[in-house]
Amino acid sequence: MPPAPVLGLPLRVRRLIERTQRSLLHRKGWATVAIALSMATGLPACDRSTESRTTTTRGEPDAVYVTRGRIEQLPPPERRDREILIHHEAVPEFTNSEGAVVGMGVMVMHFPLAKSVATDSLRVGDAVEFEWAVWWGRDVRGWEIRSIDRLPAGTELRLGKSTP
Ligand SMILES: [Cu+2]
């Protein structure tokens, strides 16, 4: 839901207010879970400014998950460091850097896309199933979607509140 427009103010001030509204919306929803999770696991879920964006050769991942979710935002086609925003179902088998199964709750999360993954046929709102890899090494920490498929229209997703 876009924030309500703030009229009658200089554009720059308006932008600032809208940004703040957006980040408040963001925090009120899923980010609480995300923050708790990242403290518990060390994985900076939903944090865009991390080393997760590098997509160099990283070798075998520490874990691979298959998760379902709904596409919230697609990357602009011209971007090279492409990320997709997905409201994903819980990942009960999610494992932290120590190898403990801590689970990941339902949340909206950014996923960098492997170079080989095409998004041309995907649309915002699509239900998808995707395979994503996680690396915990000191130099290669991060995560990445390796493949993504659209699920049949009408697929019901479990996106209600959950605990990891
Ligand atoms: Cu997540």
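**Exercise 1.** In this predicted model, determine which residue in S2 stands opposite Arg70, and how many bridges join strand S1 to strand S2.

*Solution.* Step one: the residue opposite Arg70 is His87 in S2. Step two: strand S1 covers residues 63–73 and strand S2 covers residues 83–88. Step three: these two strands run antiparallel and are joined by 4 bridges.

**Exercise 2.** State in what order the 5 strands form the open sheet, and identify the edge strands.

*Solution.* Step one: the order is S3-S2-S1-S4-S5, with antiparallel pairing. Step two: strand S3 (107–112) and strand S5 (142–150) pair on one side only, which makes them the edge strands. Step three: from one strand to the next, the twist averages 45 degrees.

**Exercise 3.** Describe how S4 is connected to S5, and find the residue in S5 that stands opposite Trp132.

*Solution.* Step one: a hairpin through 6 residues leads from S4 to S5. Step two: strand S4 comprises residues 127–135, runs antiparallel to S5, and is joined to S5 by 8 bridges. Step three: Ile145 in S5 is the residue opposite Trp132.

**Exercise 4.** Locate Arg58, decide whether Arg58 counts as buried, exposed or partly exposed, and list its contacts beyond four places in sequence.

*Solution.* Step one: Arg58 belongs to the loop between helix H1 (11–41) and S1. Step two: a residue is buried at 20 or more C-beta neighbours within 10 Å and exposed at 12 or fewer; Arg58 has 15 inside 10 Å, and therefore counts as partly exposed. Step three: with neighbours within four places in sequence set aside, Arg58 is in contact with Trp135 and Val140. Step four: Gly137 is 79 residues from Arg58 in sequence, yet their C-alpha atoms are 9.2 Å apart in space.

Definitions and conventions. Residues are numbered from 1 along each chain as its sequence is written. This is a predicted model: local features need pLDDT of at least 70, side-chain atom pairs count only at pLDDT 80 or more; totals for chains, interfaces and linings use all residues. Two strands pair if DSSP finds at least two bridges between them. Axes are lines fitted to C-alpha atoms, for helices over the stretch in contact, and angles run from 0 to 180 degrees between N-to-C directions. Two residues are in contact if their C-beta atoms, placed from the backbone, lie within 7 Å.
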